[in-house]
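Let's take a walk through a protein model together. Keep the sequence and the 3D view open while you read.

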Amino acid sequence: MEDGDYWWLQINKELVGYWPAKLFSSLGKGATEVLWGGEIVNEKTGGKHTSTDMGSGHFANEGYRKASYFRNLMTVDKTNTLREPQGVYPTVTNDNCYSIKEGRNGTSWGFNFFYGGPGLNAKCP
């Protein structure tokens, strides 16, 4: 396989892994959407929300050292140039169970956000 036949994951300047492009057959040589974040499965067993933590189990507004986060997020364009994501919008299904909060731009953290939550709690039955 040639270099173009892999999807690479790079953290800071270090390449940390790759996946064969054949695993992403519907993407061809690029993507039109990139998603970051967390996901849980809620089967509402016994009629209650799952107690599964997302991230660290802390809500986004608890911030650094509590909530989980992504920072210095970048995408690679077709000229192989790193770019900060554009047109990003946070989405949460139930903010009483889990939350997301955009971080401050213009810091050494680049484009970033905090996310997470405990799931089942007094406001998320």
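## A glycine and a proline

Let's start with Gly 57: its relative accessibility is 14%, so it counts as buried, the cut-off being under 20%. Keep in mind that this is a predicted model. Gly 57 sits in the loop between strand 2 and strand 3 (68-70). Which residues does Gly 57 touch, once its neighbours within four places in sequence are left aside? The answer is Gly 117 and Pro 118.

Now hop over to Pro 118, in the segment after strand 7 (113-116). Leaving out residues up to four places away in sequence, Pro 118 touches Ser 51, Thr 52, Asp 53, Gly 57, Phe 59, Cys 97 and Tyr 98. Leu 82 is 36 residues from Pro 118 along the chain, and 34 Å separates the C-alpha atoms of the two.

## The nonpolar core

The largest nonpolar core has 8 residues: Met 54, Leu 73, Cys 97, Tyr 98, Phe 111, Phe 113, Tyr 115 and Cys 124. What does Met 54 touch, not counting residues up to four places away in sequence? Its contacts are Gly 38, Glu 39, Ile 40, Tyr 98, Tyr 115, Gly 116 and Gly 117. Tyr 98 and Tyr 115 are core members too.

## Rings that pair up

Next, look for the aromatic rings. There are 11 aromatic pairs in the model. In one of them, the rings of Trp 8 and Tyr 18 have centres 4.7 Å apart and planes at 45°, so the pair is tilted. Trp 8 belongs to strand 1 and Tyr 18 to strand 2, so this pair ties together parts that are 10 residues apart in sequence. Are these two buried, exposed or in between? Trp 8 counts as partly exposed because its relative accessibility is 42%, and Tyr 18 also counts as partly exposed, at 45%.

Another pair is Trp 109 with Phe 114: the ring centres are 5.9 Å apart and the planes are at 35°, so this pair is tilted as well. Here both partners are buried. Trp 109 and Phe 114 also form one aromatic cluster with Tyr 64 and Tyr 69.

## Out on the surface

Leu 9, Ile 11, Val 16, Trp 19 and Leu 23 make up a nonpolar patch on the surface, with about 470 Å² of accessible area together. Strand 1 (6-11) and strand 2 (14-20) each supply at least two residues of this patch. Val 16, for example, lies in strand 2.

The model has 1 salt bridge. Why might such a pair form? Side chains of opposite charge can pair when their charged atoms come close. Here Arg 83 pairs with Asp 77, and their closest N and O atoms are 2.9 Å apart.

| Residue | Relative accessible area | Class |
|---|---|---|
| Val 16 | 44% | partly exposed |
| Arg 83 | 44% | partly exposed |
| Asp 77 | 25% | partly exposed |

Methods:
Residues numbered from 1 in each chain as written. Predicted model: local features only at pLDDT ≥ 70, side-chain atom pairs only at ≥ 80, totals over all residues. Heavy atoms only, no water. Core = buried A, V, L, I, M, F, W, Y, C linked by side-chain atoms within 4.5 Å. Buried < 20%, exposed > 50% of the residue type's maximum accessible area, 1.4 Å probe, protein only. Contact = heavy atoms within 4.5 Å. Patch = residues over 30% accessible without salt bridge, like charges linked within 9 Å, V, L, I, M, F, W, Y side chains within 5 Å. Areas by Shrake-Rupley, 256 points an atom, 1.4 Å probe, with all protein chains shown as cover. Salt bridge = Lys/Arg side-chain N within 4 Å of Asp/Glu carboxyl O. Helix = DSSP H or I, 4+ residues; strand = E, 2+ residues; numbered from the N terminus. Phe/Tyr/Trp six-rings, centres within 6.5 Å; stacked < 30°, edge-to-face > 60°.
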